[in-house]
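Reader: I have a model open on my screen and would like to know what stands behind the words used for it. Could you take me through them?

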Amino acid sequence: MQRTQIRPARAGDEERIRRFLAGLSLHTQTLRFFTGISSPAPGLVRALLTMDEHRDALVATLGDGEIVGHAMSFKGDCADVEIAVVVADQWQGQGIGPRLIDTLLLRASVRGARTVGMDVLGENRRVLRLVRRLWPDARMTVCSGTVEVTAMIDTAGLFAEQGSGGTPLTA
């Protein structure tokens, strides 16, 4: 198995993000975006790469720079930060999603975030199990086929993992 690196997204990642999105199965696209995206629009690609005082974006890459995972956060309404994550089909189940989440939340906590939120399709059992594992006390509300999740960010756990060889805060 190739090793992956997690790093902040860059403007030069546009073509790699476009290929990544186009390579996702319709099922994975729907679980992440709640719709299929056969040809990613330039606006979507730019939105996934935008980083500013309200948004953060990370990618998981292979040694050749190919993107195999994407995570983003933005200042939320129901939580300090809302997150969204997607991993390429062939790389799912190998720990990339949790690593992206840990790094994203560590970066958000450094900026003062204490709560995290996300919307998950009710049929996305894998992510709902992950939510239960990461945040056993999370509030989960079902609304129109989605599960709205709100949880406390465990900064002690995040910093402990970073100290034990976890993903670096900045890459």
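Predicted model: local features only at pLDDT ≥ 70, side-chain atom pairs only at ≥ 80, totals over all residues.

Reader: What makes β1 and β6 the edge strands?

Author: Two strands pair if DSSP finds at least two bridges between them, and strands themselves are DSSP runs (E, at least two residues), just as helices are runs of H or I with at least four, numbered from the N terminus. The open sheet has seven strands in the order β1-β2-β3-β4-β5-β7-β6, with mixed pairing. β1 (5-8) and β6 (139-143) each pair on one side only, and that makes them the edges.

Reader: How do you know that β6 pairs with β7?

Author: Five bridges join β6 to β7 (residues 146-152), and the definition asks for at least two, so the two strands count as a pair. They run antiparallel. Cys 143 has Thr 146 as its bridge partner, and Met 140 stands opposite Val 149.

Reader: Which strands does helix α1 lie across?

Author: Helix α1 (residues 14-23) lies across β1, β2 (55-61), β3 (67-75) and β4 (81-87), at about 105° to β3. Such angles run from 0 to 180 degrees between N-to-C directions, with axes fitted to C-alpha atoms, for helices over the stretch in contact; contact means heavy atoms within 4.5 Å.

Reader: Why are the buried residues of α3 said to line one face?

Author: Buried means under 20% relative accessible area, exposed over 50%, and partly exposed in between (1.4 Å probe, protein chains only). In α3 (residues 42-49), Val 45, Leu 48 and Leu 49 are buried. Seen down the axis, they fall within an arc of 95°, so they line one face; the arc is taken from the directions from the helix axis to the C-beta atoms. Their cover includes α1, α2 (26-33), β2 and β3.

Reader: What makes a set of residues a nonpolar core?

Author: Its members are buried Ala, Val, Leu, Ile, Met, Phe, Trp, Tyr and Cys residues joined through side-chain atoms within 4.5 Å. The largest such core here has 46 residues, and Leu 21 is one of those that touch the most other members. The largest share, six residues, comes from α4.

Reader: Is Cys 78 called buried or exposed?

Author: Its relative accessibility is 60%, so Cys 78 counts as exposed. Cys 143, at 35%, counts as partly exposed.

Reader: What is the phi of Phe 34, and what is the phi of Ser 144?

Author: Phe 34, in the loop between α2 and α3, has a phi near 65°, a positive value in a residue other than glycine. Ser 144, in the loop between β6 and β7, has a positive phi near 55°. With a relative accessible area of 37%, Phe 34 is partly exposed; Ser 144 has 76% and is therefore exposed.

Notes:
Residues numbered from 1 in each chain as written. Heavy atoms only, no water.
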